[in-house]
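Subject: Structure handover

Hello,

Here is the structure I promised to pass on. My notes follow below it.

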Amino acid sequence: MTSISANLQAVRQRVAAAARASGRTPEDVALIAVSKTQPAQRVAEAAQAGQRLFGENYVREGVAKAVELHAQQLEWHFIGPLQSNKTRPVAAHFQWVHSVDRLKLAERLSEQRGGDLPPLNVCIQVNVGGEASKSGVAPDEVPALAAAVAKLPRLALRGLMCIPEAGGDEALLRARFATLRQLRDRLNDAGFALDTLSMGMSDDLELAIAEGATMVRVGTAIFGARNVREERA
């Protein structure tokens with residue numbers, strides 16, 4: 001068993017245990033393997049171990065992998081900050097975008113999503129901690145943005161995403177995840193049909209699942225520590 005395969009098995013066991021502890025089944029929580037900065041060969045190794053969902057932060061790198069591994073029919077999730085002038089390749093090659101935080105971005109994705117493709121699944125990124133350094137819309141601005149995004153053709157508004165403060169203690173992290181869940185519930189009470197909460201990473205996925213996560217984004221625990229580099233896309 002390769003290290004990636006073994007790591008995937010360990011992460012899946014963590015996800016399953018956390019789901020059961022929160023009164024849900026393991027199938028209720030999807031695992032996104034965050035493959036940014038990882039070569040296509042390592043993504044292929046994870047795919048051989050049964051992983052189908054992969055998350056990328058950089059446009060050029062993510063598109064290159066999606067094209068190279070097209071025959072494997074993987075599901076690609078764009079999870080990083082996205083500039084409006086780089087939406088076209090994302091709209092063409094990804095199945096999900098988790099980081100929609102402004103209407104202009106959603107409009108461009110809608111316009112550029114090919115009519116021969118299924119609707120692009122999108123999540124609104126929420127800045128639950130109010131951090132100036134983080135992307136995401138303020139919680140009180142989400143309802144208006146959600147209403148506008150939901151009207152756009154070629155998009156399917158599926159839910160919300162957050163990245164809470166790094167190094168926060170357990171109580172703070174749970175509070176941030178709970179904020180996202182409560183916001184999703186209020187939107188659904190207002191008539192939306194959101195089924196996705198994208199929250200939780202390698203170090204805090206159990207806390208996120210306890211608060212209702214339906215997708216967790218895990219990189220380090222699967223692929224190991226990554227080489228930090230500047231985005232080149």
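Where is lysine 36 found? Lysine 36 sits in the loop between β1 and α2. Bear in mind that this is a predicted model.

**Lysine 36**

UniProt lists Lys36 under "modified residue: N6-(pyridoxal phosphate)lysine". The listing comes from an unreviewed entry, and such annotations may be inferred rather than shown by experiment. In the model, lysine 36 has a relative accessible area of 17%. The cut-off for buried is under 20%, so lysine 36 counts as buried.

**Helix α1**

Next, the helix at residues 3–21. Helix α1 has 19 residues. At 1.5 Å a residue, α1 should span 27 Å.

Which residues of α1 are buried? They are Ile4, Ser5, Leu8, Val11, Val15, Ala16, Ala18 and Ala19. Seen down the axis of α1, the buried residues fall within an arc of 165 degrees, so they line one face of the helix. The face turned away from that buried side carries Arg20 and Ala21, which are exposed.

What covers the buried residues of α1? The cover includes two strands, β1 (30–34) and β8 (215–218). It also includes the helices α2 (40–48), α8 (205–210) and α9 (220–223).

One backbone detail comes just after α1: glycine 23 takes a positive phi of about 80 degrees.

**Aromatic pairs**

How many aromatic pairs are there? The count comes to 2.

Phenylalanine 54 counts as buried, at 0% relative accessibility. Tryptophan 76 counts as buried too, at 2%.

The other pair joins phenylalanine 78 and phenylalanine 94, with ring centres 5.5 Å apart. Here the planes are at 85 degrees, so the pair is edge-to-face. This pair also links distant parts of the chain, with its residues 16 apart. Phenylalanine 78 belongs to strand β3. Phenylalanine 94 lies in the loop between α4 (87–93) and β4 (96–100). Phenylalanine 78 and phenylalanine 94 are both buried.

Best wishes

Key: Residues are numbered from 1 along each chain as its sequence is written. This is a predicted model: local features need pLDDT of at least 70, side-chain atom pairs count only at pLDDT 80 or more; totals for chains, interfaces and linings use all residues. Side-chain values use heavy atoms; hydrogens and water are left out. Helices (H or I, at least four residues) and strands (E, at least two) are DSSP runs, numbered from the N terminus. The expected span of a helix is 1.5 Å times one less than its number of residues. Buried means under 20% relative accessible area, exposed over 50%, partly exposed in between (1.4 Å probe, protein chains only). The arc is that of the directions from the helix axis to the C-beta atoms. Contact means heavy atoms within 4.5 Å. Rings of Phe, Tyr and Trp (its six-membered ring) pair if their centres lie within 6.5 Å; planes under 30 degrees apart count as stacked, over 60 as edge-to-face and the rest as tilted.
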